[in-house]
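Please look over the sequence and the model below. A short briefing follows them.

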Amino acid sequence: MTALPIQMRGVARRFGSKTVLDGLDWEVGPGQVIGLLGRNGAGKSTLMECLLGLREIDGGSIALFGEAPDALSDATRARVGYVPQKSDLFDWMTPLQMLDYFKALYPRWNEARVEMLLARWGFDELMLKKPIRKLSGGEQQRLSIIRALAHDPDLLVLDEPVSALDPAGRR
């Protein structure tokens, strides 16, 4: 039997005396699409960061495809795509350099998808050769989304991925 993409049991996370996640049990099966809704500060980003092993938990357990987030195999890590709320790109690189770097890390890199998304979102030759730090916030966010989709992940985690995009980009 194949392990579920996400399994959480009794997950807890506190910041000082403030409990953000309290005994959370959650499963996400293959093909499910889940949206987290809540006010600012409700713990949505904290949940996603804990899920991906980017933030420690205070109790419970998490598994991505049957593996603990802090000990993912390369094969399992390659099955996960993530777009953070704030772009975390290597801003000294050009988009082409950054995409080439990540291409070397992912065996399932889909070059045709990357080229299609770059073209669809207006990344022309000039834009692809300038440092990422010189791109607008929306352009950087689009690049983050392209990077997350480029390796055809089985699990895609998006933390407010369109917040920096204009209305056309959001569509």
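Predicted model: local features only at pLDDT ≥ 70, side-chain atom pairs only at ≥ 80, totals over all residues.

Residues are numbered from 1 along each chain as its sequence is written, and side-chain values use heavy atoms, with hydrogens and water left out.

- Strands β1 (residues 6-15) and β2 (residues 18-28) run antiparallel and are joined by 7 bridges.
- Strands here are DSSP runs of E with at least two residues, and helices are runs of H or I with at least four; both are numbered from the N terminus.
- Two strands pair if DSSP finds at least two bridges between them.
- The hairpin leaves 2 residues between β1 and β2. In the turn, G16 has a positive phi of about 65°.
- V11 has L24 as its bridge partner in β2.

**L47 in helix α1**

- L47 belongs to helix α1, which covers residues 44-51.
- L47 is buried, at a relative accessible area of 8%. Buried means under 20% relative accessible area, exposed over 50%, and partly exposed in between (1.4 Å probe, protein chains only).
- Beyond its neighbours within four places in sequence, L47 is in contact with M8, L21, L24, W26 and L36. Contact means heavy atoms within 4.5 Å.
- L47 and V11 lie 36 residues apart in sequence, with their C-alpha atoms 9.2 Å apart in space.

**Aromatic rings**

- The whole structure holds 5 aromatic pairs.
- In one, Y101 and F102 have ring centres 5.2 Å apart and planes at 90°, so the pair is edge-to-face.
- Rings of Phe, Tyr and Trp (its six-membered ring) pair if their centres lie within 6.5 Å; planes under 30 degrees apart are stacked, over 60 edge-to-face, and the rest tilted.
- Y101 is partly exposed at 38% relative accessibility, whereas F102 is buried at 11%.
- Ring pairs link F90, W92, Y101 and F102 into a cluster.

**Charges over rings**

- The charged end of R13 sits over the ring of F15, 4.4 Å from its centre.
- R79 lies over the face of F65, 3.7 Å from the ring centre.
- Such a charge is NZ of Lys or CZ of Arg, within 6 Å of the ring centre and within 35 degrees of the ring normal.

**Helix α6**

- Helix α6 (residues 137-149) is largely enclosed by the rest of the structure, because 10 of its 13 residues are buried.
- Among the buried residues of α6 are R142, L143 and R147.
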